[in-house]
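Please look over the sequence and the model shown here before reading on. The paragraphs after it go through the structure part by part.

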Amino acid sequence: MPKMRAVQVSSPDGPLEIVEREIPAPGPGTVRIKVAACGICHSDSYIKSGHFPGVQLPRVPGHEVAGTIDAVGAGVNRWTPGQRVGVGWNGGYCGYCNACRRGNVFACQTSTQITGATFDGGYADYMIAPVTALAAVPEGLSDVEVAPLMCAGVTTFNCLRNSGAVPGDLVAVLGLGGLGHLGVQFAAKMGFNTVGIARGKDKAPLAKKLGAGHYIDSQELDPAAELQRMGGAKVILSTVTNGDAMRAALGGVGVNGTFMVIGVAPSLEVSPGELLNGRRSVKGWYSGVSIDSEDTLAFSALAGVRSMNEVFPLERVAEAYERMLSGKAKFRVVLTMEQ
Ligand SMILES: [Zn+2]
Ligand SMILES: [Zn+2]
């Protein structure tokens, strides 16, 4: 039997082990992907710790997958060997439950699959994916470019395009890290009057380079007051994981505006008065499903949006994972499978 390399977690908080496994065969309704690149996302830490609900170890993490279909299972239409595809966090849906039938496939009630959590993901030479998890890759994007767009990309792109903002609206992106550096690019390319908010003067050139028209140093200035001075934000895209930092910007939401939450913080304090007086909203956003990822890739290819990445070969996965955890990576960490 031909073998492949895979990186698995076999015990809670255990190491990322590089092991040899048999190359799996695709079952009905699935394809086998020869993985070329896979991003390392902070959410992978929930799998590594064993804390993710329902995760069974050993598990191969990885939900920012880019590669090429090399075999298809029974009953698979449309997708064929040789096609380039990406796979993200949403690992598919049933199409039959009430949530799916109402068009909310992201909330599928009967076959909630999470790539690299409920089935093996992309830290490997090959993986098996349900067809409902596949996004077609357009020309003009390399595998390394595709990988981070499958989670950080779709999360920010799909949130912004569903935020209610229209071209010309004031849109602020809170945080300029892995999510935020993509959020600013998408916001600018969507034609929003884009504001980057982060800590420290030194991030101003980065915000401008990414396409922001304005930058607010939240250590020097009150971001809420600054946004109100500019007329109030139609949308604030909150990518940070700190409730106090979120609170400091939330007051910058304008009348009928929305504070869109895509970063997980333990809690967030909101004043009901400021919500109802300005008809303001605080809303969470689920990243998206495979067609949203496909749209993200197409838009990125069209508009020139690219993640900034630090790239490591699969053999250096432990080092790459630590780099992601350190929070110092500029800005996403991506594994490549070539030997
Ligand atoms: Zn992720
Ligand atoms: Zn369903």
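This is a predicted model: local features need pLDDT of at least 70, side-chain atom pairs count only at pLDDT 80 or more; totals for chains, interfaces and linings use all residues.

Residues are numbered from 1 along each chain as its sequence is written, chains are lettered from A and ligands numbered from 1 in the order in which they are written, and side-chain values use heavy atoms, with hydrogens and water left out.

The protein chain contains ten helices and 15 strands; helices (H or I, at least four residues) and strands (E, at least two) are DSSP runs, numbered from the N terminus. Its radius of gyration is 20 Å, close to the 20 Å that the globule rule gives for 339 residues, so the chain is as compact as a globular protein of that length. That radius is taken over C-alpha atoms, and the globule rule is 2.2 Å times the number of residues to the power 0.38. The C-alpha trace spans about 65 × 45 × 40 Å along its principal axes. Of the 339 residues, 54% count as buried, where buried means under 20% relative accessible area, exposed over 50%, and partly exposed in between (1.4 Å probe, protein chains only). Among contacts in the chain with a separation of 6 or more, 65% come from residues 24 or more positions apart; a contact means heavy atoms within 4.5 Å.

The zinc ion (ligand 1) is coordinated by C41 (SG), H63 (NE2) and C151 (SG), at 2.0 to 2.2 Å. Donors here are N, O and S atoms within 2.8 Å of the metal (3.2 Å for Na, K and Ca); water is not among the atoms, so sites may look incomplete. Along the chain, the donors of this ion follow the spacing C-x21-H-x87-C. H63 lies in the loop between α1 (44-48) and β4 (65-72) and C151 in helix α3 (residues 143-161), so the pair ties together parts that are 88 residues apart in sequence. H63 is buried, at a relative accessible area of 1%, and C151 also counts as buried, at 11%.

C97 sits in the loop between β5 (84-87) and α2 (98-101), and C108, eleven residues away, in the loop between α2 and β6 (126-130). C97 is buried, with a relative accessible area of 7%, and C108 is buried, with a value of 7%.

Helix α4 (residues 180-189) has eight buried residues out of ten, so it is largely enclosed by the rest of the structure. Its buried residues include H181, L182, V184 and F186. After α4 comes G191, whose phi is positive, near 90°.

Side chains of opposite charge can pair when their charged atoms come close. Counting a side-chain nitrogen of Lys or Arg within 4 Å of a carboxyl oxygen of Asp or Glu as a salt bridge, the model has 16 salt bridges. In one of them E315 pairs with R5, the closest N and O atoms being 2.4 Å apart. E315 is in the loop between β14 (309-313) and α10 (317-326) and R5 in strand β1 (residues 3-8), 310 residues apart. E315 is partly exposed, at 45% relative accessible area, whereas R5 is buried, at 12%. R5, D125 and E315 are linked in a network of salt bridges.

A salt bridge also joins D120 and R21 (2.8 Å, N to O). D120 is in the loop between α2 and β6, and R21, 99 residues away, in strand β2 (residues 17-22). D120 counts as partly exposed, at 25% relative accessibility.
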